[in-house]
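Subject: Structure handover and findings

Hello,

Here is the structure we spoke about. Please look it over alongside the notes below.

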Amino acid sequence: MSTNSKQLNKKKTRLYNSRTIKSQLNDPAYDKKQRVLDVNSFIHSRNFEIRSFEQSQLNSKNASSTRVFQDLPRVLRRRAASHNVKRIPKRLRKRAKQEMSANLPVKKMPRGRRLYKLLVRNRLLKVATKMKKNKYDPLENLLNKKNIRKQFKAIRDEIKKIHKENLKSSTLEDFTKLNNSVGSRDNTGINEFAPRPKGSIKYYKRQREFVWIPTHIWHVKRFHMSKKYGYQIPYTPTQKCFKLMNRWNRQKAVCFDTSYFPTFILFIGDAAKFADIAKQLCGKKVGKQILNGKKSYNGWVHIDGETKLCPGFVYMNHSLNTIMVRVVPSVYEKLFQSYKEKIENIPNSTIHDCRYALGSIELSGPLSMKCLSKIFHFHNISPDLKNTWASLSKIKDSDLVPVGTTFTFNLHDPRIWQRPTKLPHNRKEDQDIYDIIIALNSSPRVNQDIVKKLSTPEGRYDSYKDQLSIKQLGRFHGNMNKKPSDISHSQIPVLLSKTDSQKWLLILPWHWILPFWIQITKVTDIKPGGSKQMHQFQFENHKPYYPQDYPWSYDGWQFNKLVGEANQLKAAKLPKSQVSVEKSEKNYSSIFNANKCDWRNLRNLTFLLNYSKLDRKTLEQGLAPDFAQYDGPERIINSVHDLLQTTKSLEKDVTDVNEPIVELYTNHKTQVDFYNNAYKIAQLPDILHKKLPVVQIGLSVINDGTIDDNARLYSDPSATDIHCVGFVTTGAMNLNVGKYSGIGTIIAQKWLIEESGHKLYVRNPGKSKVYNVSFRVV
């Protein structure tokens, strides 16, 4: 036998060695007679085994990896790392180059002067082709007696002459004069909607239907994007991050670019009507601190003082007669038109569409203030405010800071400092958290001039003056003798407000979003997130998320409809060997759709029970005849089968597909009878014109179990259709509590909410298992 055949495969040998763990049999720590174990001596005696076990873990981890890019953690992995050395960390590039040189062929590329000559020749050929196309001889200049410098000067003079003629023929209204070389401009619509931002000429056609947010290019390389509400919205990072984001939100901070949340500003000409407009927006009389701009309002925004439209952010300033409103993009145009009509009768009042003039960044987590302090470089800040901010930024938990607390700052361009820097502050001047809260409530931290600068187009236009380009920043960073004060000319107005527990909102001019975003993502204690992470954090804190968890709203109803259509398309693509959720659901339910929350059939079923004048227990006894009975065209309901068949027949009779058929229970006179089960349905067609009153609840599994989206909620463990009382709008594993939980909606009736012991039963779509859950009304 040859020597080559005797040699074992190196990979198999390494894999075998990685699976072997050396151990020792000597164990003097255990006394067999007294049956006592000496822990210290036992650990010392097992020291060899513990170390070999740790070594075997490392061996098995590195056993399958043969290249350096395969050893990297998931965060540092890049798609092109196998062939591009620049995609590998610097400390490992030397080893990567050796591996690549051994495996990949070396491409011979022209270098130095030869490459330069080839590129120049390529450019000249392109220019000559264009000149010939325009019927101009490229050799004419070579035969000219003038030298090259004089020819360039003559061409520049002709260009200036043409430019002056165009200026005389055109007016200043034809173009916007910029005060910077970057191209930043304020895009505000006064009493009308602002035009869509044109963006870069290279990518103009891509933004015709869906506008790019300022950080679009940054997000596109790292995120999955979704096209909604006329924007390209960051949805979720490309890397798996469910557990990571939960950990970061609890211990550190997560940031979101929410510039797709549009903003409009009301300028009220009559100070006497300022409070009335504020009351209509908030649906109630607001406090003096909110009216005077010391605090912000965070809650439901109303369209007429009574109808709740959506959750939003409102900042008011009575001294400037301005109201800043920030809402979700789906209802923005409706709200804008409504308040435009309301202020038309008020003299000297205007409404500014600032959805492309103001951007926003949201931060969530206990270290949000600390991360912001590393990129905030103040301009003319008072010592008192600086001490308060420095003390706040060192607090690891800002839950004690009241919601609505607002700051305004004038900031320098954060890109001047290459890396995040700590705020220079004397530790002796640090304040206690309770002293800080008293100081925040006693004295305002809002500068009227900064608010005016942020609210007006002129103020935002001035903030872009001499905005630094990337080339200017590169020259500055390359010169070690220059100081930040030599190049910093911009004064950026910023409004920072606390919107929820551990959540902060930063509002600033549109074209300053990208510089701040690039710098804040450099902070080690922060991670960027998308709209999916915003939904995750709300769910983990047992709070509903708009619009998914609001089925009675127009947006929530449309979302539920789209989810049903998307799940149906997904099921249609499955191979025949796989059973879809819809087919599996038919084994357990004969009327409810498995792809969505089927509110229409639940409404019909609930009102049909009342119309039949029978309760659930009577129907389950099965004393009715086995054949169907009719009273004219209507079927008489005597059994569960009759009830379900009648519900199916009503499903086809739809008055309006886009109109929600559920409404939130608000203790209205018409809803009280339904709550007490004292209402009556006189005729069968009346069911199609009634809305089902519902309440929102939070769910939690009592023992073991899972909760998925669109799960069914039952009042009885049998989990039959007649016991269905609601649906789960959001359900998943809640890492904050270590078990499954959910947000759901059930019918608003007293026997269910007050007399059921706050217990329900949940069954996931297409599954047979039923789990016991507890609930509380949100």
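Let me start with Asp71. Asp71 counts as partly exposed, at 30% relative accessibility. On that scale, buried means under 20% relative accessible area, exposed means over 50%, and partly exposed lies in between (1.4 Å probe, protein chains only).

Before the rest, the ground rules. This is a predicted model, with residues numbered from 1 along each chain as its sequence is written. Local features need pLDDT of at least 70, side-chain atom pairs count only at pLDDT 80 or more, totals for chains, interfaces and linings use all residues, and side-chain values use heavy atoms, with hydrogens and water left out.

Salt bridges

A salt bridge here is a side-chain nitrogen of Lys or Arg within 4 Å of a carboxyl oxygen of Asp or Glu. The whole structure has 14 of them. Asp71 pairs with Arg95, and their closest N and O atoms are 3.8 Å apart. Arg95 sits in helix α5 (residues 93-103) and Asp71 in the loop between α4 (47-63) and α5, so this pair ties together parts 24 residues apart in sequence. Helices (H or I, at least four residues) and strands (E, at least two) are DSSP runs, numbered from the N terminus. Arg95 is partly exposed, at 39% relative accessible area.

Next, Lys503 and Glu362. Their closest N and O atoms are 3.9 Å apart in a salt bridge. Lys503 lies in strand β16 and Glu362 in strand β13 (residues 358-364), so parts 141 residues apart in sequence are tied together. Glu362 is buried, at 9% relative accessibility.

Asp413 and Arg415 also meet in a salt bridge, at 2.8 Å from N to O. Both are buried: Asp413 has a relative accessible area of 1%, and Arg415 has 15%. Elsewhere, salt bridges with shared partners join Arg67, Asp71, Arg95 and Glu99 into one network.

Nonpolar cores

A nonpolar core is a set of buried Ala, Val, Leu, Ile, Met, Phe, Trp, Tyr and Cys residues joined through side-chain atoms within 4.5 Å. The largest has 141 residues, and Leu266, Met316, Phe376 and Ile746 have the most contacts inside it. Domain 3 (264-353) and domain 4 (554-777) both give residues to this core, so it lies between them. Those bounds come from an automatic or database domain assignment. A second, separate core has 14 residues, including Ile265, Met324, Val446 and Val451.

Which residues does Phe376 contact, leaving aside neighbours within four places in sequence? Phe376 touches Trp389, Phe409, Leu411, Val494, Leu506 and Phe516. Contact means heavy atoms within 4.5 Å.

Backbone points to check

Most residues other than glycine have a negative phi, and most peptide bonds are trans. Gln502 has a positive phi of about 65° and is not a glycine. Gln502 lies in the loop between β15 (492-500) and β16 (503-509). Gln502 is buried, with a relative accessible area of 14%.

His542 has a positive phi too, about 60°, and is not a glycine. His542 is in the loop between α21 and α22. His542 is partly exposed, at 30% relative accessible area.

The peptide bond joining Tyr546 and Pro547 is cis, with omega about 5°. Pro547 is in the loop between α21 (531-540) and α22 (554-572).

Best wishes
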